[in-house]
Amino acid sequence: MDTASSSLPLNECRVLKTNLIINRLHMFLNGSAILALFYYRATNLFRIIQTKETPIIPYLIVCISEFFLTALWVLHQAYRWRPVKRTVYPERLKDDSKLPAVDVFICTADPSKEPSLGVMNTVISAMSLDYPPDKLSVYLSDDGGSWVTLEAMRESWKFAKWWIPFCRKYNVKNRCPEAFFAGVEDTLSTSSEFLDDKKEVEEKYQEFQDILEKNSVNAKSSVSRNHAPTIEVMSDAKANALPLLIYVSREKRPGHPHHFKGGALNTLLRVSAVISNAPYFLVLDCDMYCGDPTSARQAMCFYLDPKISSQIAWVQYPQKFRNTSPYDIYDGRLHPIWREGQGLDGLRGPTIYGCNFFMTRDAIYGTEKVRKGLDVNQLKKSFGESNEFIKSVQSNYKPSVRNDGKVGYIYFTVVEDSMTSFILHCKGWISVFIDPAKPCFLGACTSSLNDMLVQQTRWSFGLMQIGLSKFCPLFYGPVRTSILQSMCYTALVFDALYSVPFYGLALIPPVCLLNGISLYPNVDDPYFIVFAFIFFSSLLKHVQEVLSYGDDLRTSFYELRVWMMKSAVCYFYATMNAILDKIGSSEANFSLTNKDIEEEQLKRHQEGIFDFQASPMLIAPLCTLYIVNVVSFVIGTAKIIRSQNGSEMFVQVFISLFGILMNYHLLEGMFLRKDKGRVSPFVTLLSLAISVVFLFVGSFIVVY
């Protein structure tokens, strides 16, 4: 590398100035309107208490709902304070001999729900990263202790001996075998040698696929929740031609908490420490294959930058998906999260999104304490009883497993701590968010309504648990991070509280409309403009964010509709479960999202048709809310026409109509569709019954 190129930066950070200006202007204008709204509410509430002209209970519920919406809006503005975009230049890195080692951690738990072929494609794509093989180790954690998964790992090792040399020889850009042979690769050689080699490797892949399918016949029965630990190291004696491949199944016993994925990652940290002990590690979901083989080199553009390398804890990539529908009716691309990720990146860095991040061991270990010569007995309180593991934390520790392929006994307990050390040791560190044009990691998004709701409920529940713990960012964060960063983390963990204002505004105004009770200013009242401005400015701001990210107008409609469904179902159940878990009335549970999708479901997903084959607990709340609003709108509007008091009730009519139009798919699913994916008649009847009861009881409460 010449002197000129070595002086060029490895990465650049660009502030998105146009978005920044629009964001701050919207904060000021919308914030001013919200202040006027609360002034109106306060003065009216005082008058209502004196005159009793309006029932106090519904008015208070609406006020509380608006307060919750405002509080969450204020917290989310921190994401919009300083959005940035990062660019990396991996071609400017020094030669491979100067690159640090990297460990890759992949977690799976059940081959009947996470098919082995998909998991092994992720494993092989990680082994095929464009990185020195002697500095790369790939670990798979199998929490099911399944012989199906172990056999699949052994077969993957055999196939990798064909696949990786082929990728290197022809500089294959997409190194996931399944994607490559499906024709995703866009820059292929046409030479006869390449075609011959490709045919040979494709035949090997077909053999590999057949073996995995044959072994997976009894996948469900192979899963265990009561097994001893197993570690198997697969290494190549030919001059480190392939990365290390390690299968890890930690010990699990009934009645002992294992902390799910967090516990699995802690086990991988301990096992990898004495096998490869790379200073950096990458965490992947089992269905999130490496789409760009240069991802590790891109991450090193930050870790090897002398200006910021000592501060960076992790480099976070977004989750991108290969199976998104052109309609994306379930918001599977998660673009709202990645848009906010750009904003959080401008405030010392994003949170960890669960996968697709490179992290330094120093940040999670807190190794400064270790290297200052603490007593071994003190270290064992934090790192466990394994002397070998404690030695691995020392800077001069050199594992020898790569040379002989053998591994001795590694101590790790049944009761693994969850990854609280992320919180304990990351004070003072920063992180970065990189969203390159070519996705570095590609996974499978949920393609059914049931899976989307289950997944979002699980995520929201976990975040609410943090919000209700001693690590709540609202109190734990401000003394350790900036106010804006703490606001971002607080918004993240308390997003499930959107269920409070959503139910308040989806139920109370319609019931009051049905009974002729006005909760909002008349059309000719100056404060009507305030309410209208807040509503439409918020909608337009959302549209602007969607368009500026490169999506179309239809995406903003889908995102808003999914937010409504999440608020009605996911956020509601997550909040209730988190509260019950906090007071000890229920136990946290974890369910995998099914990666094995039925063909009919997949077809409906691609065509943009909702699939309502889901638990009544998930669908009934949506249908009930819809029926309540339809009934209130129809009857309430008829009353207004007869009484000619539309000016007083206009806002409530509009709220119900807006919800009805936004969620027209529910009307189709309940009454217009006849296909297998419609809302079941049982759920429709159940929702009708609940709606009638609610409207009767609700009307009695608001009137009397």
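**Sheets, cores and helix packing in the predicted model**

Strand E3 is mostly covered, with 7 of its 7 residues buried, where buried means under 20% relative accessible area, exposed over 50% and partly exposed in between (1.4 Å probe, protein chains only). The model is predicted, and local features therefore need pLDDT of at least 70, side-chain atom pairs count only at pLDDT 80 or more, and totals for chains, interfaces and linings use all residues. Residues are numbered from 1 along each chain as its sequence is written, and side-chain values use heavy atoms, with hydrogens and water left out. Helices (H or I, at least four residues) and strands (E, at least two) are DSSP runs, numbered from the N terminus.

In a regular strand the side chains alternate between the two faces of the sheet. In E3, Val102, Val104, Ile106 and Thr108 lie on one side and Asp103, Phe105 and Cys107 on the other, and both sets are buried. E3 pairs with E4 in the parallel sense over 7 bridges, two strands being counted as paired if DSSP finds at least two bridges between them. The bridge partner of Phe105 in E4 is Tyr139. Strand E4 also contains Ser137, which counts as buried because its relative accessibility is 1%. Between Ser137 and Gln652 there are 515 residues of separation in sequence and 60 Å in space, taken from C-alpha to C-alpha.

E3 and E4 belong to an open sheet of 8 strands, in which the pairing is mixed and the order is E5-E6-E4-E3-E7-E11-E9-E12. Strand E5 (230–234) and strand E12 (430–433) are the edge strands, each pairing on one side only. On average, and with direction ignored, neighbouring strands of this sheet are turned by 20° against each other. Helix H4 (residues 116–127) packs on the sheet, where it touches strand E3 (102–108), strand E4 (136–142), strand E6 (244–249) and E7, and its direction makes about 160° with that of E4; contact here means heavy atoms within 4.5 Å, while axes are lines fitted to C-alpha atoms, for helices over the stretch in contact, and angles run from 0 to 180 degrees between N-to-C directions.

E10 and strand E13 (residues 441–443) run parallel and are joined by 2 bridges, and Phe321 is the bridge partner of Gly443 in E13.

The largest nonpolar core has 101 residues, and those with the most contacts inside it are Trp163, Val315 and Phe358; such a core is a set of buried Ala, Val, Leu, Ile, Met, Phe, Trp, Tyr and Cys residues joined through side-chain atoms within 4.5 Å. Helix H5 (residues 147–170) gives the most to this core, with 11 residues. Among the residues touched by Trp163, not counting those up to four places away in sequence, are Ile124, Cys176, Phe180, Phe181 and Val201. Apart from this core lies another of 71 residues, which includes Phe502, Ala506, Met565 and Met670. Helix H9 (residues 295–303) has 9 of its 9 residues buried, so it is largely enclosed by the rest of the structure.

Two packed helices are described by the angle between their axes and the distance between the axes. Helix H24 (residues 616–643) and helix H25 (residues 646–662) pack at an angle of about 150°, with their axes 9 Å apart, which makes H24 roughly antiparallel to H25 (angles under 35 degrees count as roughly parallel, over 145 as roughly antiparallel, 65 to 115 as roughly perpendicular and the rest as oblique). Residues of H24 including Tyr626, Phe633 and Ile640 meet residues of H25 including Met649, Val653 and Leu657.
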